[in-house]
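I opened my notebook to look at what sits inside this one. Here are my entries, in the order I looked things up.

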Amino acid sequence: GPRIVPLEVRVPEFSVGAAAHGSGHCKPCAWFWRPQGCANGSDCRHCHQCSDEVIKTRRRARALAARKHHRKHAGATPHLQDDHQEEPEMQQRSVTKLKTCPVDLHAVSSPSRL
């Protein structure tokens, strides 16, 4: 496998995923800046050029976007017709379904200046 440089002396390096680094559309490798390093080495499809600060900044931006999305949709209530009564269990499921907003955090665009 690839030789993993100790974290104390590790510097950004080439990886397959780093090809898009200059465009701001790369995806930082979550493992590269951890003590155990990235086991994929230069074959990694994520960017090894991004600093650990870029990873933290993008993670915070995704979390903020998710919080805003969930706040916006938190007030959703199920619409039940008066002449149609569901079982209490079904009503609870309806509420649960509306309160969970699936959001793809990876699809949230991040600022390209990072």
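Predicted model: local features only at pLDDT ≥ 70, side-chain atom pairs only at ≥ 80, totals over all residues.

I started with F32 and W33, and both are buried (buried is under 20% relative accessible area, exposed over 50%, partly exposed in between, with a 1.4 Å probe and protein chains only).

Residues are numbered from 1 along each chain as its sequence is written, and side-chain values use heavy atoms, with hydrogens and water left out.

Next I looked for aromatic pairs and found 1. The ring centres of F32 and W33 are 4.9 Å apart with planes at 85°, so I wrote down edge-to-face (rings of Phe, Tyr and Trp, using its six-membered ring, pair if their centres lie within 6.5 Å; planes under 30 degrees apart are stacked, over 60 edge-to-face, the rest tilted).

Then I checked for charges over rings. R10 has its charged end over the ring of F32, 5.7 Å from the centre (the rule is NZ of Lys or CZ of Arg within 6 Å of the ring centre and within 35 degrees of the ring normal). R34 does this over the ring of W31, at 4.6 Å from its centre.

Which residues make up the largest nonpolar core? I listed C29, F32, W33, C38, C44 and I55, 6 residues in all (a core is a set of buried Ala, Val, Leu, Ile, Met, Phe, Trp, Tyr and Cys residues joined through side-chain atoms within 4.5 Å). Apart from that core lies another of 5 residues, including A18, C47, C50 and V54.
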